[in-house]
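Thanks for coming, everyone; I would like to take you through the charged side chains of one structure, slowly and with the cut-offs spelled out. Please have the sequence and the model open while I speak.

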Amino acid sequence: MTDSKYFTTTKKGEIFELKAELNSDKKEKKKEAVKKVIASMTVGKDVSALFPDVVNCMQTDNLELKKLVYLYLMNYAKSQPDMAIMAVNTFVKDCEDPNPLIRALAVRTMGCIRVDKITEYLCEPLRKCLKDEDPYVRKTAAVCVAKLHDINAQLVEDQGFLDTLKDLISDSNPMVVANAVAALSEIAESHPSSNLLDLNPQSINKLLTALNECTEWGQIFILDCLANYMPKDDREAQSICERVTPRLSHANSAVVLSAVKVLMKFMEMLSKDLDYYGTLLKKLAPPLVTLLSAEPELQYVALRNINLIVQKRPEILKHEMKVFFVKYNDPIYVKLEKLDIMIRLASQANIAQVLAELKEYATEVDVDFVRKAVRAIGRCAIKVEQSAERCVSTLLDLIQTKVNYVVQEAIVVIKDIFRKYPNKYESVIATLCENLDSLDEPEARAAMIWIVGEYAERIDNADELLESFLEGFHDESTQVQLQLLTAIVKLFLKKPTETQELVQQVLSLATQDSDNPDLRDRGYIYWRLLSTDPVAAKEVVLAEKPLISEETDLIEPTLLDELICYIGTLASVYHKPPSAFVEGSRGVVHKSLPPRTGSSESAESPEAAPTGAPPSEQPAVIPAQGDLLGDLLNLDLGPPVSGPPMTTASVQMGAVDLLGGGLDSLMGGTNFAAPPAGTMPATLSAPIGGGLGDLFDLTSGVGTLSGSYVAPKAVWLPAMKAKGLEISGTFTRQVGSISMDLLLTNKALQVMSDFAIQFNRNSFGLAPAAPLQVHAPLSPNQTVEISLPLNTVGSVMKMDPLNNLQVAVKNNIDVFYFSTLYPLHILFVEDGKMERQMFLATWKDIPNENEAQFQIKDCPLNAEAVSSKLQGSNIFTIAKRNVEGQDMLYQSLKLTNGIWVLAELRIQPGNPNFTLSLKCRAPEVSQHVYQAYETVLKN
Amino acid sequence: MIGGLFIYNHKGEVLISRVYRDDIGRNAVDAFRVNVIHARQQVRSPVTNIARTSFFHVKRSNIWLAAVTKQNVNAAMVFEFLYKMCDVMAAYFGKISEENIKNNFVLIYELLDEILDFGYPQNSETGALKTFITQQGIKSQHTKEEQSQITSQVTGQIGWRREGIKYRRNELFLDVLESVNLLMSPQGQVLSAHVSGRVVMKSYLSGMPECKFGMNDKIVIEKQGKGTADETGKSGKQSIAIDDCTFHQCVRLSKFDSERSISFIPPDGEFELMRYRTTKDIILPFRVIPLVREVGRTKLEVKVVIKSNFKPSLLAQKIEVRIPTPLNTSGVQVICMKGKAKYKASENAIVWKIKRMAGMKESQISAEIELLPTNDKKKWARPPISMNFEVPFAPSGLKVRYLKVFEPKLNYSDHDVIKWVRYIGRSGIYETRC
């Protein structure tokens with residue numbers, strides 16, 4: 001039987017002929033005709049005109065013919081909805097057929113026809129099929145619910161199919177379970193908020209049982225679903241891991257990778273001291289290595305994932321360097337990925353082998369691969385200090401080959417080596433200079449020019465060399481131009497006598513003849529520096545450069561953690577979160593690793609923050625409820641700059657949703673209305689304080705008269721998380737306006753530009769009042785200070801904690817997210833002084849359950865000092881009473897959104913501990929107001 | 001999940017196109033053709049993202065199979081599925097070629113409808129599929145019993161085997177097939193070596209036989225050795241350390257994980273029971289000793305010695321040594337002691353073939369390569385010398401210790417089953433740099 005003949009009918013009048021054949025009485029002829037139709041459909045011809053004729057063939061006992069007609073229907077029903085109705089009867093009838101294969105076929109096909117009228121008729125048969133006695137029909141029906149949901153989600157909910165689907169998770173047949181899990185997972189993805197899958201220890205147990213029995217594909221569905229579960233404690237995590245590990249020996253790589261995903265995720269919850277943790281680490285390596293003997297396409301997927309795993313947990317594969325050695329016949333995509341992993345695994349222990357390999361690769365044919373290999377040698381030098389010398393000599397050997405792109409690549413990496421190990425390898429400069437003429441790529445030219453400028457004093461003819469570049473100045477790329485400008489200025493500062501003419505030439509080229517603002521600005525700066533204060537110029541231009549770090553291309557930790565949750569999927573192949581390549585609502589939900597549990601006690605309840613949180617925790621860490629005090633103190637102390645990023649932080653940050661989409665539901669029940677734009681006080685004069693009116697407060701550290709306390713700048717976004725961009729900052733309030741003072745530092749090797757900032761919706765509607773103005777691109781190691789004015793007219797969403805602010809900063813490299821807590825006193829407005837009568841009335845009016853009491857400890861100030869200090873931050877003392885030797889201060893303050901907070905502060909002379917009672921109609925702010933008191937009083 | 005599946009011929013013409021999801025439009029078919037099949041450069045990745053649509057492709061001879069999706073699918077699963085799809089097609093109609101695909105397009109659509117539902121892979125075991133998707137026009141008139149037997153097999157725990165299989169002679173064949181991989185430095189240092197092996201079983205057994213497979217796995221032997229102390233010394237030597245292994249889905253993985261025993265109910269006919277990998281104590285059947293000398297700019301002298309390193313009573317077969325030559329080679333003179341050697345200009349290599357060679361022997365080839373003078377500054381990359389061979393033993397040292405068969409319901413015992421075991425070691429990528 002040769003069906004290929006159907007592909008060759010191309011003559012005219014074909015449709016007409018087919019029509020005749022379709023209506024033929026002979027069964028065989030009919031079938032032939034349908035086959036021809038399908039063949040035409042496949043090659044892209046429009047055969048929709050035959051719709052009624054084909055549908056007429058549907059009523060048949062011949063299953064093969066029936067399937068063909070169904071195939072046709074799936075393709076064209078949408079274009080002919082009215083006629084598609086003709087098919088409904090047959091479908092409904094087939095759903096009742098005694099043959100389970102036919103019942104399943106009907107329900108499967110019906111789900112694929114996206115015509116409303118057909119969908120209506122689908123519900124009843126589907127309901128029956130979901131409860132069919134035959135598992136084959138049930139497993140087909142389970143998937144059909146997902147199809148129907150894709151067409152009409154509301155219908156599925158109204159008809160109660162979701163509950164039936166949930167029941168199927170307990171089905172006796174493993175394949176039904178697997179398909180139900182797949183369908184539910186898909187539906188749940190488009191309803192991130194719904195608790196559709198409702199995973200609990202019982203249902204997990206069912207899934208784990210089905211895992212042992214179902215097909216390889218079913219195992220993948222179940223494992224992928226398990227990966228979304230959050231075990232309640234480390235014991236549960238361990239027991240799930242134990243039952244998942246056998247899957248690592250499955251022949252299907254996807255089963256293995258999905259199992260790896262579950263293990264990598266749940267491992268987060270296991271304590272590193274646990275024996276089991278070590279066992280698990282050991283068990284992970286062999287299956288990962290085995291993946292490399294799969295077909296090349298799968299190897300590629302595996303390697304992209306291993307790249308992530310190696311970054312997350314380098315210990316797993318640290319002894320397996322050899323398996324990543326490139327084979328001569330590997331496809332190029334496998335070679336490039338292996339090379340990447342080799343560099344990541346390179347260490348002192350294996351560097352000799354790695355270098356020998358890399359040298360081998362540098363002689364291969366594929367240009368990209370060779371370049372990458374050369375670059376890798378440079379990275380080895382920077383990563384493993386002991387190997388630097390050998391790397392340099394290897395690179396020199398490669399330069400001797402005179403292969404153009406090898407030489408260029410080598411020069412680029414040698415520049416980095418110079419940066420890392422200053423005054424060590426400069427002897428090779430002479431060799432580099434020999435190759436000056438062959439450099440034609442901007443990056444290599446710029447690198448070479450940098451070298452010449454940096455070491456101008458050691459190169460006799462540096463001026464000639466640089467002059468030769470200057471001839472074609474305007475044809476060079478910006479990168480080269482900028483570098484050339486700097487290099488010549490450096491040269492001038494080092495050898496001023498001979499190079500005056502040269503420097504003038506380059507300055508005029510850069511400032512007068514160039515259209516590039518960056519170049520012009522840099523030119524002017526140098527010019528002015530040189531003409532006003534050459535000593536200062538020397539200090540600036542020839543300043544000692546900080547050493548470069550070893551790993552520059554690590555994936556940002558937050559993203560890495562998210563990608564670990566996507567092991568095996570496309571996201572892990574692209575190294576991008578799904579939102580970057582998936583349209584619509586799907587995939588927008590960020591996944592995150594479970595919070596790392598340090599000790600077994602805190603593991604008992606994951607919600608509670610680890611009790612012994614180290615003081616080096618960064619401010620970006622969003623504290624869990626109940627540990628606010630500790631974190632507030634951290635914030636006030638001006639936390640240390642560096643420290644390992646805490647997983648908890650990254651986890652929360654993964655959930656930052658700048659657009660606020662889908663989070664509306666969280667807003668319910670908030671007490672904060674969007675503040676009217678007019679609440680910002682316009683008065684500049686500070687209100688006169690009650691009684692004392694003493695604006696001078698010697699004990700207060702506040703520098704500005706009418707400004708409130710300003711916390712020292714803290715690092716909000718460490719450089720290692722943001723590809724080299726470090727952001728530190730603080731909030732200030734001065735004469736009625738709030739601003740965010742930022743220090744942006746470029747710790748990367750490339751220039752940063754195109755900065756922009758955006759806030760997520762927050763409790764008080766804080767928003768930038770102006771765009772982020774960074775005037776010039778930020779060159780490496782440059783820091784810029786910016787004061788970003790804020791207003792409170794942005795959109796409002798209640799955050800947890802209340803004073804949490806999620807911020808996105810964009811530059812030319814990427815978008816980075818961080819979150820920070822702002823001190824509430826920046827929101828205290830200047831007209832926050834209440835009338836006495838009003839105060840009394842309000843105090844009585846606010847119910848007692850809204851009163852909160854706090855202790856302010858170790859504050860050595862007296863009542864006068866306290867009230868004047870607080871007034872600096874717009875907390876106004878309305879009255880003062882002396883009761884039984886205690887000073888009672890009655891105070892009021894108002895927030896930008898119009899909420900009043902009333903306070904009673906009890907001070908006992910000689911006792912450094914104060915008692916603070918706060919009353920407010922929105923009691924959730926009390927905690928933060930108290931913190932503001934602490935902050936203001938103690939600084 | 002998978003949104004659609006396309007099959008193209010080498011020209012990029014669509015042979016099969018099946019769309020499962022509404023988000024995949026007609027233009028997806030063309031996007032892949034234009035951007036991948038007709039792309040000017042070599043394919044740089046098996047996954048391509050075009051306009052937010054991801055394409056996964058594999059090639060079989062000159063046929064392209066592409067799966068397409070707009071979602072964040074399990075990428076490993078998609079490739080596994082594509083391979084499986086190839087296996088299923090091959091099991092139905094042999095080689096995957098344009099002609100075969102065109103000849104069987106109706107069948108392929110039927111298969112695609114069955115093994116992929118809304119983009120979710122379903123049971124794809126050929127054994128099960130063949131019970132109800134046949135080429136000879138479907139008999140929809142199965143008896144009721146047959147029908148439920150089919151459906152329970154397709155969805156059941158043992159989806160790979162049907163009940164009621166009967167053989168007069170219960171027989172099974174075990175093939176231990178290993179490929180030994182080596183990368184050696186010119187100085188004879190092993191840079192990397194590993195064996196990737198497969199145990200392929202052909203079973204012709206009646207009923208639902210329970211099988212248990214045992215080999216000289218170090219962990220198992222040491223476990224047993226604890227009981228009988230005197231045996232450890234003897235058997236410990238012959239046991240091998242397996243780095244990792246994977247099993248056919250019929251093997252009970254949890255049992256392997258806890259007891260390290262390999263038990264299963266096999267599919268009928270041929271299947272791959274397990275794959276494994278070893279890196280320790282590998283017997284390298286051949287050693288290649290290269291010697292390349294450049295005589296001036298226009299001549300190379302090459303001498304290669306191969307030594308066989310196994311029992312003299314065994315014979316290696318199909319030996320082939322491939323010595324790469326520079327691109328500017330103008331002529332080659334070869335002398336070899338054994339076998340035949342030829343310079344193949346089209347492949348840029350000297351190919352030396354020896355039919356058979358016993359263990360502990362040595363042979364050598366020497367060649368003079370004349371070169372055309374070139375201006376090319378770039379030195380010749382010197383690809384490694386590669387070797388092919390086949391030996392009648394397992395280079396990993398793996399031994400089958402037993403394969404026990406139990407079928408409690410039928411009246412045949414383990415002793416009645418005729419068992420055959422065969423070991424074949426082949427070269428994988430067996431290279432020596434020169």
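Let me begin with the rule for a salt bridge, by which I mean a side-chain nitrogen of Lys or Arg within 4 Å of a carboxyl oxygen of Asp or Glu. Counted in this way, there are 69 salt bridges over all chains. Before the examples, a word on provenance: this is a predicted model, in which local features need pLDDT of at least 70 and side-chain atom pairs count only at pLDDT 80 or more, whereas totals for chains, interfaces and linings use all residues. Residues are numbered from 1 along each chain as its sequence is written, chains are lettered from A and ligands numbered from 1 in the order in which they are written, and side-chain values use heavy atoms, with hydrogens and water left out.

One of these salt bridges is between A:Lys66 and A:Asp94, at 3.0 Å from N to O. It links distant parts of the chain, with A:Lys66 in helix α4 (residues 63-76) of chain A and A:Asp94 in helix α5 (residues 81-94) of chain A, 28 residues apart; helices here are DSSP runs of H or I with at least four residues, strands are runs of E with at least two, and both are numbered from the N terminus. A:Lys66 and A:Asp94 are both buried, where buried means under 20% relative accessible area, exposed means over 50%, and partly exposed lies in between, with a 1.4 Å probe and protein chains only.

Next comes a pair formed by B:Asp113 and A:Arg108, whose closest N and O atoms are 3.1 Å apart. Because B:Asp113 sits in helix α4 (residues 105-115) of chain B and A:Arg108 in helix α6 (residues 100-112) of chain A, this pair joins two chains. B:Asp113 and A:Arg108 are both buried.

Within chain B, what is the distance between the closest N and O atoms of B:Lys299 and B:Glu368? They are 3.5 Å apart, again a salt bridge, and since B:Lys299 belongs to strand β15 (residues 299-308) and B:Glu368 to strand β20 (residues 362-371) of chain B, the pair ties together parts that are 69 residues apart in sequence. Here B:Lys299 is partly exposed at 23% relative accessibility, and B:Glu368 is partly exposed as well, at 30%. In chain A, salt bridges that share partners join A:Arg371, A:Arg375, A:Glu409, A:Glu441 and A:Glu443 into one network.

Let me turn to surface patches, which are made of residues with over 30% relative accessible area and no salt bridge, like charges being joined within 9 Å and nonpolar side chains (Val, Leu, Ile, Met, Phe, Trp, Tyr) within 5 Å. A positive patch is formed by B:Lys340, B:Lys342, B:Lys353, B:Lys355 and B:Arg356. Strands β18 (340-344) and β19 (349-358) of chain B each supply at least two of its residues, and β19(B) gives the most, with three. B:Arg356 is found in strand β19 of chain B and is partly exposed, with a relative accessible area of 48%.

A negative patch, by contrast of charge, is formed by A:Glu464, A:Glu467, A:Glu471 and A:Glu501. A:Glu501 has its place in helix α27 (residues 500-512) of chain A and counts as exposed, with a relative accessible area of 66%.

That is where I will stop; questions are welcome.

Note on methods:
Areas by Shrake-Rupley, 256 points an atom, 1.4 Å probe, with all protein chains shown as cover. Lys, Arg positive; Asp, Glu negative; His and termini not counted. Charge placed at Lys NZ, Arg CZ, Asp CG, Glu CD.
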